[in-house]
Amino acid sequence: MGKWWQETVFYEIYMPSFKDGNGDGIGDFKGLREKIPYLAELGIGGVWLTPFYPSPKVDNGYDVSDYYAVDSDFGTMADLEAFIAEANAYGIRVIADMVVNHVSTEHAWFQEARLARDSPKRDWFVWQDTPNNWESFFGGAAWEWDALTEQYYYHSFAKEQVDLNWRNEEVVREIWNVFDFWLDKGLDGFRLDVINNLTLTRNFPDNPVDVNGEQVHIFDKDQPGMDLKMAEIGAYIREQGDYFTVGEISSDKLSDIEKYAGNDGLDVTFNFNFGSVTSRDGIVAELSRMQEVYADGRMPTLFFGSHDMSRSWNRLADGREEVAQMLAMLMLTAHGVPFVYFGEELGMADFVPDSVDAMRDVRGIYAYDLELAAGRTADEALKVAQDKTRDKARAPMWWPEGFSQGATWIGEVPPDFERGRRMFAFYQALIALRKTTDFCEHGYQSFDVDGTLLTYVRGDYLVCLNFGETHEMRNRWGDLTEILANQTIVFDVKTVKLPENAAVIFKVGK
């Protein structure tokens with residue numbers, strides 16, 4: 001019997017956009033609690049909550065100003081505790097985003113640190129008299145001048161998100177206290193934000209620049225000692241009980257991503273090479289690489305959407321329902337831990353802000369300002385900002401009664417409830433099938449790639465996914481019974497004819 005999270009389908013809830021319960025246009029715990037029966041009907045076993053801690057929301061909550069409280073936009077601590085208790089009563093576990101790479105510049109720790117160079121908390125952050133060339137992952141310099149003490153502080157993201165100094169043991173002990181506090185509140189684990197970006201070094205060599213003049217982020221992430229620090233974090237949380245840790249790793253190297261997962265690190269890590277692909281072309285190849293790399297017992301993650309990327313309906317499915325269903329079948333039947341992004345089960349589409357005033361994401365706004373500073377026109381700057389903004393996947397959830405009784409915090413996407421009903425039923429059937437079979441057992445009985453055709457067997461079930469043109473496949477599995485398909489599949493004793501973008505699950509006769 002595996003660990004509970006190995007058999008769980010997780011569902012990411014972007015807190016401001018899921019359901020507003022008090023009419024102020026912002027999602028909250030009251031609204032979320034109302035929708036627990038919906039999650040249970042879908043078959044979800046775990047939810048991942050994005051940050052709900054107090055924050056000035058420069059980066060939509062990923063700039064935490066108090067680790068030990070609930071932001072009033074989302075309700076009270078009692079609201080959170082009531083939500084967790086009711087979710088648990090429905091058999092749903094709850095994990096939450098934990099942002100320990102940086103804090104808001106409004107956090108009391110930083111406010112104390114910047115009072116004087118000899119402040120007791122000065123070394124909780126990273127200061128330099130003369131900065132190196134490191135750039136923020138949002139663009140622009142990663143060092144901000146602080147006139148009060150006449151030094152620069154380091155921020156790997158927005159200038160309002162100051163990085164913690166993880167080589168300071170006082171910082172580490174305080175983060176352990178933060179973990180303990182929320183686990184005691186009933187959380188079942190954490191999704192650790194940009195966790196491989198932790199600052200461990202005392203040396204700050206310049207990053208190289210490529211032939212296009214773009215900085216290559218080498219020395220500002222995956223720093224020496226990061227594998228040991230990840231093992232320390234994973235071990236600490238496991239020592240507290242049966243909890244789950246998933247790390248967001250800012251890397252495009254599978255070797256870097258997978259090395260932080262397992263008994264000597266976090267439980268799993270997100271592979272954005274798979275989850276954030278820009279087209280369907282690379283999906284089969286990446287899944288094949290994952291199958292080889294994770295063959296030692298570690299489990300990959302499976303997802304096609306998150307709050308940081310365009311929705312899979314636009315990015316991968318091209319607005320085609322059969323393709324969206326094929327992606328769902330892959331995510332929910334392949335070996336790994338699946339994460340469904342809210343609204344994917346309805347086929348929700350992207351929100352594209354039509355002006356910078358409609359944008360809420362700091363990365364898009366940063367991009368717009370940088371383009372203007374480089375001499376671009378407002379229209380040119382807006383186009384770049386629309387490409388970079390993460391607002392696309394953050395529009396409010398489609399509910400029959402509406403998301404809110406008030407004006408929403410961000411623009412909405414017109415709902416398509418007929419599509420939503422069909423997509424929901426497909427996801428629901430997949431999750432139910434996963435629960436009643438051995439899909440969650442480790443690995444595959446067979447795993448084959450034939451051009452754009454992917455087939456694998458898990459337990460007594462054969463999954464066929466055709467990413468290319470119509471393909472006639474020889475039946476070498478014997479007696480087949482169709483269980484679920486996104487299109488009409490023609491098959492007999494000897495062959496199976498799969499149209500383009502077909503996805504089908506067969507029961508294999510014994």
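Reader: Which residues touch the most other members of the largest nonpolar core?

Author: Happy to start there! Tyr-11, Phe-52, Phe-179, Trp-182 and Leu-330 do, in a core of 126 residues. This is a predicted model, where local features need pLDDT of at least 70, side-chain atom pairs count only at pLDDT 80 or more, and totals for chains, interfaces and linings use all residues. Residues are numbered from 1 along each chain as its sequence is written, and side-chain values use heavy atoms, leaving out hydrogens and water.

Reader: What makes a set of residues a nonpolar core?

Author: Its members are buried Ala, Val, Leu, Ile, Met, Phe, Trp, Tyr and Cys residues, joined through side-chain atoms within 4.5 Å. Buried means under 20% relative accessible area, against over 50% for exposed and in between for partly exposed, with a 1.4 Å probe and protein chains only. Tyr-11 and Trp-182 belong to the core of 126 residues, so both count as buried and joined in this sense.

Reader: What is Trp-182 in contact with, leaving aside its neighbours within four places in sequence?

Author: Its partners include Phe-52, Tyr-67, Met-77, Leu-187 and Phe-190; contact here means heavy atoms within 4.5 Å.

Reader: Why are β1 and β2 called paired strands?

Author: Two strands pair if DSSP finds at least two bridges between them. Strand β1 (residues 10-13) and β2 are joined by 4 bridges, so they meet that rule, and they run parallel. In β2, Val-47 is the bridge partner of Tyr-11. Strands themselves are DSSP runs of E with at least two residues, while helices are runs of H or I with at least four, numbered from the N terminus.

Reader: How do you know that β2 also pairs with β3?

Author: By the bridge rule again: 4 bridges link β2 to strand β3 (residues 93-98), in the parallel sense, so the pair qualifies. Leu-49 has Ala-96 in β3 as its bridge partner.

Reader: Which way do the residues of β2 point?

Author: Gly-46 and Trp-48 point one way, Val-47 and Leu-49 the other, and all are buried. In a regular strand, side chains alternate between the two faces of the sheet.

Reader: What makes β5 an edge strand?

Author: β5 (127-128) pairs on one side only, as does β6 (143-146). Their open sheet has the order β5-β7-β6, with antiparallel pairing. Trp-127 stands opposite Tyr-153 in β7.
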